[in-house]
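Please consult the sequence and structure shown here.

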Amino acid sequence: MRVDAGLSKMLGLSRNAVATLAESGDVLLDGNVVGKSDRLVAGSWLEVTLPPAQQPLQVVAVPVEGMEIVHQDDDIVVVNKPIGVAVHPSPGWEGPTVVGGLAAAGVRIATSGAAERQGVVHRLDAGTTGVMVVAKSEHAYSVLKRAFKERTVDKRYHAVVQGHPDPSRGTIDAPIDRHPRHDYKFAVVTGGKPSITHYETVEAFRAASLVDVKLETGRTHQIRVHFSAIKHPCVGDLTYGADPVMARKLAITRQWLHARSLSFEHPSGGWVTFESQYPDDLQHVLDELRDQDR
């Protein structure tokens, strides 16, 4: 394998991080400095010098404009996440976070999990809006983590995709992993993690379709990757092949993707469902598409 691909798998680092190590001369093969595109050879002696450990990420209590608390009790807090908000701090992210917003609102969450993502049992991309749950009690954290792992949570998304998926109702079963050439993207690749997306067309427009999506698995960018793979990318999702002309005409600056509802067994018992309405920018696109069909 290439140095960047092989070390990424061996060390659990991103390919960009490995490339930086190689460019700094910190990767040696049989005593010789190698670049990121050189090949790893079986039986060779590999030496990697890692940089000093980074300081732990900290949750900063900062109010998040537009973040709504939909429900809260002793076990859970359910929020409607706005655009441009990450769920928790991560290297390189300097914007607002859900956990920071909850801290600013005086909401105490579970202490289980890494320091920067305590209480977090699932995530939404910073560019994806909608409903999500955070655990407040340690019991809730354990129960919900298990529920997401065992796929007993019903996660429903709405997406507006280009064109008309055929069939109008179906399942996309295709493995996903890091894109082989672009580390910031994901792709359908042989040997990737099993990934299953169920969808059904709710409304068809002249050049696009509103689809209801149920995730059986929860891979990073799964919906975006799967619909791009079947040549129907989310409207506005330029990263995954959406038409920039169409996005400009509809005045959308991100993927049309929204976490519409979340249903699960409450940690204290009983099945619960929480829903989120479309934010203004996504509703505008729907209105425009409907107007074009009149």
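The points below are grouped by topic, after a note on the basis of the values.

This is a predicted model in which local features need pLDDT of at least 70 and side-chain atom pairs count only at pLDDT 80 or more, while totals for chains, interfaces and linings use all residues. Residues are numbered from 1 along each chain as its sequence is written, and side-chain values use heavy atoms, with hydrogens and water left out.

**Salt bridges**

- The structure holds 11 salt bridges, each defined as a side-chain nitrogen of Lys or Arg within 4 Å of a carboxyl oxygen of Asp or Glu.
- One of them pairs arginine 169 with glutamate 200, with the closest N and O atoms 3.9 Å apart.
- Arginine 169 lies in strand β8 (residues 169-173) and glutamate 200 in strand β11 (residues 196-204), so this pair ties together parts that are 31 residues apart in sequence; strands are DSSP runs (E, at least two residues), numbered from the N terminus.
- Another salt bridge joins arginine 206 and aspartate 293 at 3.8 Å, N to O.
- Aspartate 237 and arginine 224 meet in a salt bridge at 2.8 Å, N to O.
- Salt bridges that share partners join Arg2, Asp4 and Arg15 into one network.

**Accessibility of the partners**

- Arginine 169 is exposed, at 60% relative accessible area, whereas glutamate 200 is partly exposed, at 36% (buried means under 20%, exposed over 50%, partly exposed in between; 1.4 Å probe, protein chains only).
- Arginine 206 is exposed, at 58%, and aspartate 293 is partly exposed, at 33%.
- Both aspartate 237 and arginine 224 are buried.

Notes: Helices (H or I, at least four residues) and strands (E, at least two) are DSSP runs, numbered from the N terminus.
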